[in-house]
Amino acid sequence: MGVNRRKKLETAQRVVVKVGTSTLTHANGKLNLCRIEQLVREMADLHNRDLEVILVSSGAIRVGANRMGLKRIPTTIPEKQALAAIGQGALMQLYEKLFSEYHQTVAQVLLTRGDFDERIRYLNATNALLSLLKMEVIPIINENDTVAVEEIKFGDNDTLSALVAGLVDADMLIILSDVNGLYNADPRASDNARLLRRVTEMTPEMEASSHNRGSSFASGGMFTKLKAARICMASGITMIIANSAEDNVIRRIVAGEEVGTLFVPREGKMHAREKWLAFGSLVQGYIEVDEGAAAALTRKGRSLLASGISAVSGEFDRGAVVGVKSSGGQEIARGIAHYNAGEIRLIAGRKSSEIEQILGEKDYDEVIHRNNLWVVR
């Protein structure tokens, strides 16, 4: 197991590193300059070894609050957005200074959920990041808190880092935090809590014990990290959660040492379109199907026909990404709908040959074509 871990990590060529607010700051909210400098040095050294490195960095709001002398983060969105604008510039100035000392060029990239939701913007973001990597630049990514409202927010940079890793087809995501990794119980509440070194499957027990909000200045916690792990494991990307306070933590992880918790990905990479359907796009509504249609989608790789549809929830237009649920309520697939919600309600349970008579036109026999469908595994 150790040999396999080492081989998997040593062969990584494109690495995404995510650092949280708790990593960048002391308990009082001020910047932890010593730790930031150490992590920058390690990432610069990876880059000198011809590895491609992307940094996803939190901390803009906290840095902004510190600049303004605030002890607590405000609760209103406009105030948070103002602090993000102040802090992001200061944070990038620091990164620029530190990386330049090691002769590295960096670029700021600010993203919102909308950049992933729309297919064209998703592809544009991919192309921009890949162009930066080709130029041997280190992209530094954060959520664009200054303009993002709740409807287009990620809410946490753990999820953002996993989506970015999928966006650029990374080999590895390293999430650095103030915890050693995933435990089988909360180590703050149980003396018998054991660090899990390797996770091959996410269990309900893991998720049930992960509902904490992290530090007082962080927006995430273990729950959001497991959400990121789900995305990475399904996408064929290795993910590690480790403590940023460990000496030479990035170098040791890439060297294959047993540091933190390793989340083992499924074999094979997902296609770009599959990743966008599964994780990039926002679901606009749901279609419920009968047992026969569910089996056809999940076991036989078929398209979704109107005859297998039993119910529709939500309102959505043609071309929207919708979830497909079994009769038991479990989401089994996601895909791009050829018809809007009202039209699907009218043709639900009917044969494809009847669609034109019911709607007055028929552009497609399928409600969702198999080429535009991702099946939950």
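**Strand β4 and its surroundings**

Me: In β4, what is the bridge partner of Val 109?
Reply: Val 109 has Ile 141 as its bridge partner in β4. This is a predicted model, in which local features need pLDDT of at least 70, side-chain atom pairs count only at pLDDT 80 or more, and totals for chains, interfaces and linings use all residues. Residues are numbered from 1 along each chain as its sequence is written, and side-chain values use heavy atoms, leaving out hydrogens and water.

Me: How do you know that β3 and β4 pair?
Reply: Two strands pair if DSSP finds at least two bridges between them. Strand β3 (residues 106-111) is joined to β4 by six bridges, so the pair qualifies. The two run parallel.

Me: What makes β2 and β4 a pair?
Reply: Two bridges link strand β2 (residues 52-57) to β4, in the parallel sense. The rule asks for at least two, so this pair counts. Opposite Ile 141 in β4 stands Val 56.

Me: Why is strand β4 called largely enclosed?
Reply: Buried means under 20% relative accessible area (1.4 Å probe, protein chains only). Six of the six residues of β4 (residues 138-143) are buried, so the strand is largely enclosed by the rest of the structure. Ile 138, Ile 140 and Asn 142 point one way, while Pro 139, Ile 141 and Glu 143 point the other way. All are buried.

Me: Is Met 135 buried or exposed, and how do you know?
Reply: Exposed means over 50% relative accessible area, with partly exposed in between. Met 135 has 60%, so it is exposed. Met 135 lies in the loop between α7 (119-134) and β4. Helices (H or I, at least four residues) and strands (E, at least two) are DSSP runs, numbered from the N terminus.

Me: Why is the chain called as compact as a globular protein of its length?
Reply: The chain has 15 helices and 15 strands. Its radius of gyration is 22 Å, close to the 21 Å that the globule rule gives for 377 residues, so it is as compact as a globular protein of that length. The radius is taken over C-alpha atoms, and the rule is 2.2 Å times the number of residues to the power 0.38.

Me: What share of the chain is buried, and what share of its contacts is between residues 24 or more positions apart?
Reply: Buried residues make up 52% of the 377. Among contacts (heavy atoms within 4.5 Å) with a separation of 6 or more, 72% join residues 24 or more positions apart.
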